[in-house]
Amino acid sequence: MPDAATSASTTPDAVLLDALCRDLAETADTVGEAARFASGLALGARLPATALARGGRRRLAWRTLLRTLTDPAGLGWAVRGRGAARAGRLAGMLAGRENLAVSVAVCGLRTRIAAAGAGRPELLLDPGAAAVLGAAGEGRQADAARLFRALVRDRGAGPAFALLAPSFADILAWNALTDANPFNDHAGWQVATGRAATAEPLLGLGAALWAFCGPDRGVAPTGPERPAARPAPPRSRDAAEPQRPAAGPGAPTRGKALRPRTRRPGPPAAGLRGHAEALRAHARRLHATVVPVAAVWPGSRSEALRVEVTGFADRCATAANGFALAAAHLDAEHPPH
């Protein structure tokens, strides 16, 4: 049996991993908001109509936005929002198109699960927990979620949650973001990015999370009635969101709230430039954070993690360049005063 010093040397540094998981969660959130803003412009009513009617630099800006939103080397298939954007997002999901925001969020979830398993080697002595963590470590998120649900069914929700906390939320969120069901993505996104659910919690879990915790998705556990959820205040797509507490067990910041989004008012070109700068900032942070993490991660996982996160950072920079180019085309059409 290895001594304490040997075990410590093979366990990744918790502070470095927490920083990387936080950066990945915030990057996913920023990429998603940038894609939402650009989708509202490219697939709304005003820009496409004027681009087709006038041509010129507005048409170039529109085409640049469409390319940026569908570039496999950048945002992937990043169309999101309402109306035509929602239809485009569903079409991309049915076609199996990759989305950068989801990929970054899933990477953060996988890293958190692996870090939790490495920090608690005693879990491997439990056959049920070892099976769940083994499936997650091999990238079989559907099997990991199925095994966890079987653990809940055999031992009860309380013991199963206590055994695998906080990894159970991350495993279920990972499965929700990558399965074929588009209706549980919202719950998975809340766990991955740390955004709290609007419904009142039950046993510390948001109602949306319960929707995919049980074997029958969408069926909440029985129990006493809970207060009705308060409706969220309306906001525009690019409005700032207030800072909220992290979303329960498995939150990416381990109890710390994500920083509030920066409000980017003004004309479309200014909004695109703001999102471009935010993407570049996150690209720099990912490059800087992953290097020390890869240095302490044991075995071959360090190189795989470094390559994956570096690729995400490069894709953020590519998307930022696309937004900046579209903004330049719009400014050329209507120079700012």
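Which backbone oxygen does the side chain of Thr111 reach? That of Cys107, at 2.8 Å. Some notes on the rest follow.

1. First, the ground rules. This is a predicted model, where local features need pLDDT of at least 70 and side-chain atom pairs count only at pLDDT 80 or more, while totals for chains, interfaces and linings use all residues. Residues are numbered from 1 along each chain as its sequence is written, and side-chain values use heavy atoms, with hydrogens and water left out.

2. The overall picture is helical: the protein chain has 14 helices and zero strands. Here helices are DSSP runs of H or I with at least four residues, strands are runs of E with at least two, and both are numbered from the N terminus. Of the 337 residues, 46% count as buried. Buried means under 20% relative accessible area, exposed means over 50%, and partly exposed is in between, using a 1.4 Å probe on protein chains only. Among contacts in the chain with a separation of 6 or more, 71% come from residues 24 or more positions apart; contact means heavy atoms within 4.5 Å.

3. Back to Thr111, which sits in helix 6. Thr111 counts as buried because its relative accessibility is 6%. The side chain of Arg112 makes a polar contact with the side chain of Asp170, at 2.4 Å. A polar contact is a pair of N or O atoms within 3.5 Å; within protein, one must be able to donate a hydrogen and the other to accept it, and residues adjacent in sequence count only if both atoms are side-chain atoms.

4. Both Arg112 and Asp170 turn up again where helix 6 meets helix 10. The axes of these two helices come within 9 Å and cross at roughly 155 degrees. Axes are lines fitted to C-alpha atoms, for helices over the stretch in contact, and angles run from 0 to 180 degrees between N-to-C directions. Helix 6 and helix 10 are therefore roughly antiparallel. For the wording: angles under 35 degrees are roughly parallel, over 145 roughly antiparallel, 65 to 115 roughly perpendicular, and the rest oblique.

5. Who takes part in that contact? From helix 6 there are Val102, Ala105, Val106, Leu109, Arg110, Arg112, Ile113 and Ala116, and from helix 10 Ser167, Asp170, Ile171, Ala173, Trp174, Leu177 and Thr178. By class, that gives ten nonpolar, two polar and three charged residues. Ala, Val, Leu, Ile, Met, Phe, Trp, Tyr, Cys and Pro count as nonpolar, Asp, Glu, Lys and Arg as charged, and the others, Gly among them, as polar.

6. Helix 6 also packs against helix 11 (residues 185-193), at an angle of about 60 degrees and with the axes 9 Å apart. That makes helix 6 oblique to helix 11. In this contact, Ala101, Val102, Ala105, Leu109 and Arg112 of helix 6 meet Trp189, Val191 and Ala192 of helix 11. The residues divide into seven nonpolar, no polar and one charged.

7. Helix 10 (residues 167-178) has a further partner in helix 8 (residues 141-155), packed at about 130 degrees with the axes 9 Å apart. Helix 8 and helix 10 are therefore oblique to each other. On the helix 8 side are Gln141, Ala142, Ala144, Ala145, Phe148 and Arg149, and on the helix 10 side Phe168, Ile171, Leu172, Trp174, Asn175 and Thr178.

8. Now for Leu100, another residue of helix 6. Leu100 is buried, with a relative accessible area of 0%. Leaving aside neighbours within four places in sequence, Leu100 is in contact with Val31, Gly74, Leu75, Phe312, Arg315 and Cys316. Phe312 is 212 residues away along the chain, yet the C-alpha atoms of the pair are separated by 7.5 Å.

9. Gly311 belongs to helix 14 (residues 301-333). At 25% relative accessibility, Gly311 counts as partly exposed. Gly311 and Ala73 are 238 residues apart in sequence and 9.1 Å apart in space, C-alpha to C-alpha.

10. Finally, is Leu124 buried or exposed? Leu124 is exposed, with a relative accessible area of 56%. Leu124 lies in the loop between helix 6 (100-119) and helix 7 (127-137).
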